[in-house]
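This briefing goes through selected sheets and helix contacts. Please keep the sequence and the 3D view open while reading.

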Amino acid sequence: MSDRIAWWQRIRFQLLGFGVMMSIIPLLALGWANINAARTNLEVSIQRQNTAAARWVAGEIYLSVKNIWDKLEAVTGGYGGSLLTMDNHERERILYSLLKTTPLVEEMAVVDAAGVEWTRVSRRRVVVSTRAVLSSAGPEMVNILAGRRGVGRVFLEGDGRPMANLVVPLFDGTGVRVVGGLVAQINLRGIVDNTVSGAKDKSGYLFVVDDQGRLLSHEDFSQVLQNRDVTGSAAVGKLLAGVNPADLPTPHSYQSYTGREVLGVFSPIEDLGWGVVIEQPAAEAFAPVRGLLWKFGLATALVMAAVTSISIFFGIKFTGPIQELQQGTQRIITGHLDHALQVKAMGEIGSLVAAFNQMTRELKIKSDSLLAEKSRLDTVVSGIGAGLALVGKEGRINWVNTTLAGWFGGGENVVGKFCPQPWAESETACGTCPVFSGDSGPESREVVHFIKLGEKNKYFRHRVFPLHPGSEAGAGYLVVIEDITERREMEAAICQADKLAAVGLLAAGVAHEINNPMNTVAAYTEDLLERLNAEPAAARADEAEITQYLGIIRQQVNRCTKITRNLVSFARQSKGEQQLVEINELLRETAALIHFQAKSKQLNITQRLEPGSLWVMADRGELQQVFLNLLQNAVDATGAGGEIRINTCLGDQGIDVAVADTGCGIPEEHQNLIFDPFFTTKPVGKGTGLGLSVCYGILAKLGGRIRVQSREGEGTVFTVTLPPAKKDTKEVPTHEHPSQLVDRG
Amino acid sequence: MKLPGPLVLLMLLALAIAGCSVGVGAPPIQKTVGVLLSGDARLAKLTGLKQGLEDLGYFENKNIRYIIKSAGDDQTLIRPLAEELARERPDVLVATGHVEAQALKQVTAADKMPVVFAGVASSVEQGLVESLQRPGSNLTGVDNYHAELSGKRLELLQKLLPGVRRVLVIYDPSVPPAFPGLRIVESAALHLGIRLDRVPVTSREELQRLTSRLDSHAADAVLLMPSFRLEALVGEIVAVIKSRGVPVMGVNEHETELGCLAAYGVSFTNQGRQAARLVDKILNGQKPEHIPVETPENIALVVNLDAARELGLSLSPVGLSFARVITGGQTGKGGAAGE
């Protein structure tokens, strides 16, 4: 049975599935919600942090530049126009001092209002000429001449560093007129790198653009060297458009100039017109989310492993005893009722196991008891002397007991065949059989079949009992079969004995019956002989008379022949063959057999027979034996001058044959005994006591019945009722119980 | 029903790991930096590198690990150590000088592991990179510009000692930067009105030649050209020269502590610190071939006043205005001072 349970139907797998589902589903739901929240938070956080970082870097860059401006203005403010008039060495000293304290300044120069360099100091270059001229149209001179600090052009040094010129004007003593300016070449990469390295919370890459969107610096400096156009980035576009960074949507994601999806922010740099842009590639930005996903996946896997382990643990713990119970049940199903479960469990399972073991013990006791009962039943069934067969509802024989099997040379000759074929040599159902008629009444009528088994003639009588008529599954029939051969043979022997006894009794009458014709034959023969001797010629001549004499002789001989034939016919042992018998004729013949006795007792036998023929299906001899016995009893019981009436009529119940006498009647106390074998009130030699018993047996076989009405001293009426003949009747239903057969008036 | 022991263990382990993985964040990813040094003289670069990386958020044994191999001034050990270092497969290799960079370039030729050099002279001329802007291979770093600064060094010497007219240039002909540097010095000398005299020195044994040259050719000052061999001999060279009462203009800051009057260049510490920024870029996924070689940003003129005093020299305020002044070193007076 266990093999038929699919793995997914087993409790432990269902428990495992339940555990995993109950742990994973909430975990997944929470994890999904958390990751989504984390992603959103991350976007907001990145944008906020990068905005702050961009603002900070922009501020730092501005401060760096402003610091340089301030230093330059401190010098120009301190020295004023004297910077142009002082000794060159002194100017050199001032510029070198300034250069020393301003690391981001690469070179420095003092120019006059015409843009002519007066002095230049440099960190790397050997200064050999100081008469270079700045273009008055250039931003440096424009700013100087406008009297304001400013930013000049941005350009790349020989080693690739981006440089920009910062300028401050130099005023004369009045502080109004611009006489020149101080130009400082600043290292933009140094400024950006220094500030970027301080932006700890930044993520992604940072670059600085000027007021035209040109790349001034980039963390990946190769971008500057490649002169990448960054204006395609939305952040740069919005910076140049003057959008307030605070108005950026969250998340501010777009496709950058690199073609990658980024989260971008920007911050303008005060006074310089430049801007700082920070772009974080989305793939990198969401790396923590991916990490979180990985962690979550790992945690899910581990939780699943843990839950699976726990589920397996408890699955085994819970289902182990159940499985043992199931295996125990299997063992018990296969007949091992001695098996006791050795499951050590507490609680309900322990209680269940204890109950199970108790149940098994009880089952064992009951089973043993049942087996003993079955053994007893087998003994009874086998020893009952009757054959028993179980027949399915379709009529097939499923089981037979040993008695029945023995009759037919083994159960295999019977089981599997259809009822009543084995004991009737025919598969035709009996007319009243409930198996085939569907009648589920309490029982069927008895049916007797005659068959030849080997060399022997056999009579089987069977009766069918419905089993579990209310249950479709267990419906079936019990067939009880009796071998009545011996009984039949005994009945036949008794019948024959009775018949011979009757013949014996008839013999004297028959002899008298024969005697009369024989006397007649003898008288006529005597007379004829005398006539032949006395008047041979004349007698011969009177052939007519001779012919008359011979006719009479022949008639008397025929009468004798008829009488003897009648007797012989009666005395002949019945073969049990049923045939159509006409009742009235049979009664006449039978009355003839008893005629002499009646006459000798001066009894008057009157026959009032139903006109026409009354046919029954019976063994002629047997039926005649019945009528003879009744008539014989009537003659015996009736005193001289009495009357015997024979009546036949066709009634509702069948053909009634009444034999009434005016004899002594039957005492009340004897009326219940008259059909018992060997009961007789006749003197020894007058009767065997078998007559009425044989009549009863014969009528039972014929399906008829016999009733008696008697009053002591007045007479007795025996009424035999026979079923009218039916065509094609082969079965002879019988009724055994006298109450069904005998009515006593 | 007995539960198998391994199942119980597995269960507990799974629960523990599940708890840890959910409750505790993963440890920070630790980066590995392999550093190759030719000798202890380069240790200052390593110090600068570590400081620079700390400024950038890398803390040793927390999120960064250093594998340091030093040849102990034994040139023959550099190549095997470079190979050993490469086998450890750090995230980035750092060469603290020219010979280390050459060795690492050779051992990484196949697998192109990123290499950052922390201060080499004439990186393009030495074939380490194709150009400063586009290194073109797996090497990038800080070019200390020492050869290119030779002219500026001569100018600043004159700014300190305006009377200098004859300068003896000591160079190491075996190093690639020597001749480009000489050309720059000669060009500058032409503009500055200085007459140069050159003396090649590659080993201690050749110091005698220097002595005889000083004796035969009068020189107002001596200019040292960049060379890792000369770096190792600076103490002896300065001793020889100072004994003749001639000031020496050195390259590296620490040379002023060895008796040089002045030095103009980038300190080893600053070279290392500047290289840290490039290391950071590589650790952040940038390719070395796309990271331009940087030139020094903290070039400083350092002047040893005690040396000047010993030589009885009077230094010009123009030069001094640009200089960071120290005292002490091997001049006999202890301690260093500010400007």
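In which sense do strand β1 and β2 of chain B pair, and over how many bridges? The model is predicted, and in it β1 (residues 31-37) of chain B pairs with β2(B) in the parallel sense over seven bridges. In that pairing, B:Leu36 has B:Lys69 of β2(B) as its bridge partner. The points below cover the sheet of chain B, then chain B as a whole, then a sheet and a helix pair of chain A.

**Sheet of chain B**
- β1(B) and β2(B) belong to an open sheet of five strands in the order β2-β1-β3-β4-β5, with parallel pairing.
- β2 (64-70) and β5 (139-143) of chain B each have a single partner strand, so each has one side without a neighbour in the sheet.
- On average, and ignoring direction, neighbouring strands of this sheet are turned by 20° against each other.
- Helix α4 (residues 98-107) of chain B packs on the sheet and touches β1, β3 (92-95), β4 (115-120) and β5 of chain B.
- The direction of α4(B) makes about 160° with that of β4(B).

**Chain B overall**
- Chain B contains twelve helices and twelve strands.
- Of its 339 residues, 55% are buried.
- Among contacts in chain B between residues at least 6 apart in sequence, 70% join residues at least 24 apart.

**Sheet of chain A**
- Chain A has an open sheet of five strands, ordered β7-β6-β10-β9-β8, with antiparallel pairing.
- Its edge strands, β7 (215-218) and β8 (253-255) of chain A, each pair on one side only.
- From one strand to the next, the twist averages 35°.
- β8(A) and strand β9 (residues 261-268) of chain A run antiparallel and are joined by three bridges.
- The bridge partner of A:Ser253 in β9(A) is A:Leu263.
- Helix α1 (residues 11-79) of chain A lies across β6 (205-209), β9 and β10 (275-281) of chain A, and runs at about 35° to β9(A).

**Helix pair of chain A**
- Helices α18 (residues 620-637) and α19 (residues 691-702) of chain A pack at an angle of about 145°, with their axes 9 Å apart.
- The crossing of α18(A) and α19(A) is left-handed.
- Residues of α18(A) in the contact include A:Val626, A:Asn629, A:Leu630 and A:Asn633, and those of α19(A) include A:Leu692, A:Cys695, A:Ile698 and A:Leu699.
- By class, the contact of α18(A) with α19(A) has seven nonpolar, five polar and one charged residues.

Definitions and conventions
Residues numbered from 1 in each chain as written. Chains lettered and ligands numbered in written order. Predicted model: local features only at pLDDT ≥ 70, side-chain atom pairs only at ≥ 80, totals over all residues. Axes fitted to C-alpha atoms, helices over the stretch in contact; angles between N-to-C directions. Helix = DSSP H or I, 4+ residues; strand = E, 2+ residues; numbered from the N terminus. Left-handed = near helix turned anticlockwise from the far one by under 90°. Contact = placed C-beta atoms within 7 Å. Nonpolar A, V, L, I, M, F, W, Y, C, P; charged D, E, K, R; others polar. Pairing = 2+ DSSP bridges. Buried ≥ 20, exposed ≤ 12 C-beta atoms within 10 Å, placed from the backbone.
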